[in-house]
Structures are given as C-alpha cells and as structure tokens.
Amino acid sequence: MRLSGQRQIAPINDSASVPAALSMHGVSKSFGSVRALKAVDFAAYPGEIRALVGENGAGKSTLMAVASGMLGPDEGSVTIGGSPVQTDNPTAARDHGLGIVSQHPVLIPDLTVVENLALSLPRAIRPKRRDLPAWFREQIRYWGAEIDPLARVEDVPLAHQHLIEVVRVLALSPKVLILDEPTEHMNASEVARLFRKIRDLAAGGTAIVYISHRIHEVKAIADQVTVLRDGEIRGTFDAASVTEKGIVDLVVGRTLASAFPPKSVAIGRDYTPIFKTGGLSGKAFEDVSLSIRRGEIIGLAGIEGNGQREFLRALAGLEASRGEVEVAGKTARIDTPVAAGRARIAYISRDRQTEALLRPLSVFKNIGLSSLARNSTLGVVSSRREGDLVAGSMASLGIKAGGPEVPVSTLSGGNQQKVVIARVLANEPAVVLADEPSQGVDAGARLEIYQILRAAADQGRAVIIASADAIELQGLCDRVLVFSRGRVVRDLAGDELTEHNITHAALTATTLRTQASTRKQVSSLARFLTGDFAPGLFLAFSMLVLAAYVASVNPYYLTAGNFGNVLTLATALSFVVLGQLTVMLTAGIDLSLGPLTGFAVVVASFFILDDVGPAGIALGFFLALLASLLVGTVNFALIRWVGIVPVVATLSTFMALRGLSLFLRDIPGGLINSSVTAAIGTRIGFVPVAFVIVILLAIGMEWATRRTRWGLSLRAVGSHMANARRIGVPVGAVLFSAYAIAALFAYLGALMLMAQIGIGDPTAGVDYTMMSVTAVVLGGASLFGGRGSYVGALLGALLVQQVFNVTTFLKLPPAWQYLLLGALTISAVALYSHFRRRTGHV
C-alpha cells in the first residue's frame with residue numbers, strides 16, 4: 001500500500017513466539033445494512049502495548065465491545081488466555097481475565113462510588129464493605145485526585161468518573177487490558193501517571209490494547225500500531241518506525257496536508273470588538289476581562305480545575321456569574337441558557353452524549369431544534385424551510401449519515417459532533433463557545449471540525465475554545481488565555497503562541513497550588529438532604545404537624561381506637577407500596593397491584609370459608625399466592641420478552657384482572673372464615689401484628705437494597721440498565737425477581753384486605769394502584785428508577801392513610817382527601833427538588 005506523498009510503510013508480521021493473550025478470528029458485525037466489522041483477525045500478546053487506531057466509525061470500539069462480551073458478533077470467535085469465550089457475556093470475558101476501560105464510564109449513576117465497586121468487583125478480590133471506602137481512597141491517591149467514596153456517581157465530575165472506572169478495572173488485575181480513549185478527560189499529570197501504570201502492567205506480562213485518536217500519545221506509549229479502516233485491519237506497524245503523520249495518513253487512507261486550517265489574515269487592530277466581558281466572576285473564576293474582534297478564535301488553557309471551563313459555561317448561561325458582558329456593542333444577560341441564546345451566544349458542550357445531543361431523535365430533529373422560531377410562521381413550523389436548512393447544514397459540514405431521519409445515536413462520534421455544530425451555527429450566533437470541540441473524534445473529522453470553526457470565525461463571528469490540548473490551541477487559535485486559580489495569567493498571541501509557552505504558563509503559574517476539584521465537596525448535611533432518606537424525615541414531620549392540628553380541633557383523634565384503625569387500614573396499603581417501590585427501583589411501574597389484591601381475595605373467597613376444613617383453607621391460601629405469582633410472571637414476560645413498556649404491560653394486566661374478578665364473582669360473595677380474619681387482625685394493644693411485620697419487612701428490604709448484591713443490582717438496573725449488564729448484572733433475573741416480589745407483597749396486602757372486608761368483592765383493592773404510586777413518590781422515589789427508600793415509602797403509605805382519616809375528624813367532604821394528598825405530594829417533591837438545586841445536584 002502506497003500513499004501519495006509518503007514512502008511506503010511495511011507492516012510487520014502480526015505474530016509472536018508466545019500464545020496470544022487475546023485472539024479474535026474472523027469477527028464480523030453488522031448493524032442493519034452497515035457492516036461495522038468485516039472478518040477481522042486481531043491479537044494482543046503478553047507484555048505488549050498494542051495501539052488500535054482508526055477514524056470514528058472504523059470499528060474500533062465495536063471490535064473491543066465484541067472482545068469484552070458487551071456485543072455479540074455475527075460471525076467469528078474470541079479467545080482469552082487460550083480459552084474460547086462466550087462472545088456476548090461480559091462476565092465470562094472478565095472471568096477469563098479481560099478488563100476494559102470504556103470511552104464512556106461503565107458506572108451506575110444513582111449508586112455511590114463504594115456501591116459501584118461493591119457491585120462490580122468479584123467477591124474474590126473485593127474488600128469487605130466496611131473497608132471499601134479506605135481501599136478506594138488508597139487507590140485513587142495514586143492519581144492525585146480527591147473523590148468522596150460515599151458520593152453518588154452522578155454527583156462526581158465526569159473526569160473523576162473516568163478515574164473511578166480506571167481504578168475499578170485495574171483492581172481486576174487483568175491479563176488483557178483494553179483502554180478505549182482513556183485520556184480524553186485526563187490532565188497532563190494524570191496522563192503521565194496512566195502511562196507509568198501501563199508500562200508497569202506490560203512489564204508484568206499484561207497485554208495492553210490502547211485505543212486513541214491522539215496520535216502523539218500512541219507514539220509515546222505503544223510498541224505496535226494496528227490500523228483499522230472501514231471495518232477491516234489495514235496492517236500492523238512498529239510504532240518506532242512510523243511517524244505521527246504516517247499514522248494519520250494510514251488511518252484516513254489519504255495524505256493530510258496540514259492539521260490546521262490557515263489562520264485569518266483579516267483581523268485588524270482597529271476592528272470594533274464583537275464580544276467583551278468586564279470583571280466577570282463566578283464559582284471558579286474571578287475578574288476575567290476580555291475583548292474579541294470579529295473573525296478571531298480565542299483559546300482557553302490551563303491545568304484542569306483552574307476555572308477556564310466554568311468561565312466558558314458561565315458565558316453560556318450554565319453557571320452563575322456576575323460582571324458585564326457585551327455582544328456587538330449591546331449589554332447582554334447570560335444568567336440562563338435562554339438569555340445567552342437571545343444574546344446570540346451559542347455553546348458546544350464537551351459532553352455531547354448527555355448535554356448536546358437528543359440521542360433518541362433523528363439527525364433532522366437535532367439540527368433543526370434550535371431554529372424552530374426562524375422556520376415557523378405563527379407557531380407552525382415550515383417543513384420546507386426546515387428541510388432546506390437541515391439539508392444545507394448536512395451538505396456544508398459533510399455530515400455522513402444514512403439520511404436526515406436516522407437516529408443521531410447511530411452516527412460516529414465525528415459526525416455526531418458535526419450535528420451539534422450544525423445546530424449551533426443554524427441559529428446564526430454572534431459568539432460560538434466550544435468546549436473540547438475535537439474530543440473523541442478521529443484525525444480526519446478533527447481537521448474538518450477545525451475548518452468548520454475557522455470558517456465560522458471568517459464569517460465574522462467570535463469563537464472561544466476551551467481545550468486541554470496545547471497543540472490544538474496553538475494551531476487553531478489566534479490568541480490563547482491561560483487560566484490559573486480562576487484568573488487569566490497570560491495572553492499569548494503571534495510568535496508567543498506556542499505549545500511550549502502555553503504549557504509553561506500553565507505549569508509555572510500553578511506549581512504551588514493543589515489542583516482544585518471541579519466541584520465543591522458535598523457536606524454531610526447536603527448529602528443527607530439530597531439523599532433517599534430526607535423525604536422520609538419530611539413525611540414524619542408532616543404527619544406530626546397534621547396530627548397535632550387535628551387533635552387541637554377534635555380531641556377524639558388521639559385515641560387508641562382511632563390509631564388502631566388507621567394502622568390496620570394502612571397495613572394493607574403498605575404491603576402494596578413496598579411491592580410498588582421494588583418495581584419502580586428498576587425504572588418500571590406495576591399498575592396491576594391494586595386489582596391483584598382484590599383478585600387474590602376473590603380466589604380465596606371460594607376456599608377460606610367457615611364450613612371448610614384446614615386443608616381447604618390451606619389450598620385457598622396457596623391458590624391465591626400462586627395466582628399472584630403468576631400475574632407477576634406475566635408482567636415480567638410482557639416487559640422483558642415481548643418488549644412492551646411497563647406502564648402498558650401492567651395496564652393490560654390491570655384490566656384483565658378486573659375482568660377476571662368480575663367473571664368469578666359478579667357481586668360480592670363468599671364470606672371469609674371468621675377465625676382466619678381474627679387471626680390476621682391480631683393486635684398487641686392497638687398495634688396490629690401485621691403492621692409490625694410490615695415495618696420489619698420495610699427495614700429488611702432497605703438493608704437488602706443497600707448491602708446485598710441483589711439489592712444493588714436492583715437499583716443498578718433502574719439507574720442504567722445497559723451499564724448494569726456490562727458489569728455482569730443478570731438483568732433478566734433481576735427484573736423477574738422485582739415483579740415476583742411485587743406480586744408477593746400484593747398477596748400479603750390481599751390477606752389484610754381479606755381480613756378487613758371479610759368477603760370476596762370483585763371491586764376491592766383497585767384504589768391501591770394510585771395510592772401506592774402516590775405513597776412511593778411521597779417517599780422520595782424516582783420515577784426513572786434507581787432511587788428510593790422502603791422506609792420512606794412506608795411513611796408515605798401512613799401519610800396517605802392519615803389524610804383519609806383526618807378529613808373525617810375535620811368533617812371535610814371526601815374531595816378534600818384528594819386535594820390534601822395532591823398538595824402534600826407537590827410540596828414534598830418541590831422541597832426535595834429545592835434542596836437538590838441548592839446543593840448543585842441538578
């Protein structure tokens with residue numbers, strides 16, 4: 001193979017005298033009509049650092065996903081340490097000695113750092129739970145970072161999440177270590193530590209597969225370089241014998257004349273600034289004043305955590321700030337993203353997966369979203385104008401997609417980034433803010449993005465770029481501002497604008513400073529107020545206040561008889577609530593729980609009668625239990641195997657159960673055995689024994705969801721199902737257990753309901769569905785899964801029952817029951833959201 005303008009580079013023989021630690025043979029994978037991998041053969045050997053390079057969409061991550069068991073191939077085999085491995089099982093790959101640090105951290109957002117480690121580390125190497133925080137602090141100390149092991153992962157900065165991922169994978173002591181873009185969120189010191197660790201592991205016999213778009217890193221760390229292009233291996237080369245430019249040419253399949261477009265020659269010193277800030281200060285920066293002329297690209301540099309990114313986000317209205325901002329000579333508000341947008345300031349986020357893209361939507365919708373007002377008349381969007389805009393943007397920016405209607409999530413990283421830029425430019429901003437615009441894209445796409453940004457500046461815009469890559473800043477920017485301790489310490493331009501001067505200014509200005517965290521440490525009080533147990537405290541306080549008020553109006557409220565009745569009625573609901581929370585922790589919902597309790601009573605009413613012997617009564621209990629578990633199994637099957645969303649699946653069983661109950665008993669009938677109802681209703685004083693049982697069950701479930709692998713798995717599935725599977729959680733088994741346990745709790749609730757009504761009533765229990773959802777929400781559970789408290793849910797059930805009770809003592813119409821519940825629910829949710837906003841968790 002000969003590339004224009006380059007001497008021929010001969011590939012080396014991809015074999016070794018020792019067996020391969022990782023061997024992949026004939027691996028093919030297609031996504032629809034797109035062939036991502038075409039009969040790929042790949043191997044990595046003990047002690048070798050093998051770089052795998054290629055453009056976005058070349059198939060690198062897909063190949064490594066197959067190797068790690070995250071993705072099953074259409075054809076081909078994978079061998080790790082000489083043993084064949086099941087190709088769609090991440091746990092099997094891990095057990096055979098493969099560890100992978102993915103480009104996007106495989107962590108569970110709603111679990112704490114310690115809980116993530118407890119769930120993902122094998123028992124054989126996992127420290128005891130009480131020792132995990134200290135163990136993690138010891139491991140993370142190597143990376144020079146301070147991360148609270150008790151913090152939720154979603155509250156940890158993205159850069160630190162990557163370090164957690166590295167710590168987790170290195171703890172496995174893998175025979176094969178795959179690193180997919182590991183330095184994208186690392187600063188220079190962290191990269192140096194990573195490279196030392198990689199070399200030590202290789203010296204110890206670990207096979208390293210290093211994937212990166214940063215060619216200078218590949219040259220610095222790799223022994224061999226394997227090139228993947230268009231789903232095929234194009235050769236393996238000795239890293240010492242090929243230049244950085246040679247690697248880039250091999251990757252893109254053509255010679256790239258220059259890494260950066262020519263800088264503008266039209267910028268004059270007498271041009272009126274298009275963008276100015278005066279004394280702008282914020283959370284991590286202070287007194288920043290700058291002036292940018294039309295056509296100018298300004299870079300922001302500095303050691304990570306010195307305020308440059310916070311400054312950029314403040315300009316976009318994403319961080320609070322104070323000071324003066326002018327756009328085109330007019331004072332601008334930037335207190336919110338909407339205000340910044342009205343001032344014609346547009347922002348390109350470094351985190352395109354969660355902040356920039358609407359992944360479920362099409363390329364068309366993503367590009368056209370910010371220009372709806374321009375393409376509308378009286379609020380009606382013109383399809384023709386929007387279509388012309390999108391088509392023009394795709395053509396001018398070279399976005400490669402199967403069409404404008406394909407989901408944006410199917411595009412390569414480079415094309416996704418172009419979609420983000422297209423949306424920004426479509427709104428014709430005066431100022432473009434770009435945070436790491438070339439992050440996670442290949443060499444060819446990086447050059448195209450540079451050209452797009454330079455063209456945007458040449459059209460008269462101001463462009464501000466924050467980047468950790470000094471070479472990128474030198475080549476692309478007209479000036480670079482170096483931040484240290486939240487202040488601009490150097491303004492480099494002209495001949496002074498070099499990689500050396502950027503790095504030197506950043507390092508010499510911060511040599512006496514400990515690197516700042518990119519987020520304030522969360523206090524113990526703030527963590528509690530934003531945690532799962534704070535809503536329960538609010539509910540307990542609300543119940544006490546409500547009880548005190550009603551008692552002041554009606555003295556008969558504070559009697560043992562009334563409390564006993566409230567607890568008896570609350571017990572049945574509480575069992576259903578515990579079941580509802582179990583399902584909601586998996587990001588599901590079970591609308592069938594209410595009618596299921598009534599259906600179980602109807603079934604029991606044919607057997608548990610006064611004139612039936614013990615065997616018949618036992619059969620009645622068993623059949624009611626069997627029916628409940630069968631409903632739970634049907635719900636699981638509809639959701640997991642048929643693929644129906646939980647709300648639709650359980651709504652179907654809701655209706656079916658109501659029909660079955662009416663079919664079995666069209667009117668109430670079948671008097672329940674009085675001895676059975678008396679036994680179920682047994683009290684100790686005014687407290688029902690069943691209520692004591694429900695308290696113990698709530699405490700037990702609370703402990704289980706936080707201290708057992710099953711409980712952590714339950715929350716993990718609800719928080720991030722894909723990542724849960726990747727770390728070895730048996731998603732199907734966890735979901736089945738959730739719906740089965742919910743059905744079991746509904747059965748227990750049915751027993752209490754049976755004792756209360758004493759007859760098979762086909763309409764009984766239906767209200768428990770919405771009451772249980774209300775109680776769970778009052779208890780602070782997230783409808784999106786992963787978060788919730790059984791104790792909080794139990795308190796929510798008590799509050800719901802208390803509201804129904806107090807309206808009688810206050811002589812209020814029945815409508816007030818629902819008005820009060822609605823008001824309490826809104827108040828509880830608003831208060832919880834307020835605490836999260838105040839502590840920076842939203």
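Me: Is Arg-787 buried or exposed?

Reply: This is a predicted model, in which local features need pLDDT of at least 70, side-chain atom pairs count only at pLDDT 80 or more, and totals for chains, interfaces and linings use all residues. Residues are numbered from 1 along each chain as its sequence is written, and side-chain values use heavy atoms, with hydrogens and water left out. Buried means under 20% relative accessible area, exposed over 50%, and partly exposed in between (1.4 Å probe, protein chains only). Because its relative accessible area is 6%, Arg-787 is buried.

Me: With which residue does the side chain of Arg-787 meet in a salt bridge?

Reply: A salt bridge places a side-chain nitrogen of Lys or Arg within 4 Å of a carboxyl oxygen of Asp or Glu. The pair in question links distant parts of the chain, 633 residues apart, with Arg-787 in the loop between α29 (768-778) and α30 (790-809). At 3.1 Å, N to O, the partner of Arg-787 is Glu-154.

Me: Which residues are joined with Glu-702 into one network of salt bridges?

Reply: Glu-702 forms a salt bridge with Arg-706, the closest N and O atoms being 2.8 Å apart. Both lie in helix α25 (residues 689-707), 4 residues apart; helices (H or I, at least four residues) and strands (E, at least two) are DSSP runs, numbered from the N terminus. Through salt bridges that share partners, Glu-702 is joined with Arg-152, Glu-154, Asp-532, Arg-706 and Arg-787.

Me: What is the order of the strands in the open sheet of 4 strands?

Reply: Two strands pair if DSSP finds at least two bridges between them. Strand β11 (residues 273-282) pairs with β12 in the antiparallel sense over 5 bridges, and with strand β14 (residues 321-327) over 6 bridges, also antiparallel. The order is β12-β11-β14-β15.

Me: Which residues form the covered face of strand β12?

Reply: In a regular strand the side chains alternate between the two faces of the sheet. In β12 (residues 288-293), the uncovered face holds Ser-289, Ser-291 and Arg-293. The covered face consists of Val-288, Leu-290 and Ile-292.

Me: What separation do the C-alpha atoms of Leu-593 and Thr-769 have?

Reply: Leu-593 lies in helix α21 (residues 593-604) and, at 0% relative accessibility, counts as buried. Beyond its neighbours within four places in sequence, Leu-593 has contacts (heavy atoms within 4.5 Å) that include Val-576, Ala-742 and Thr-769. Although Leu-593 and Thr-769 are 176 residues apart along the chain, their C-alpha atoms are separated by 5.9 Å.
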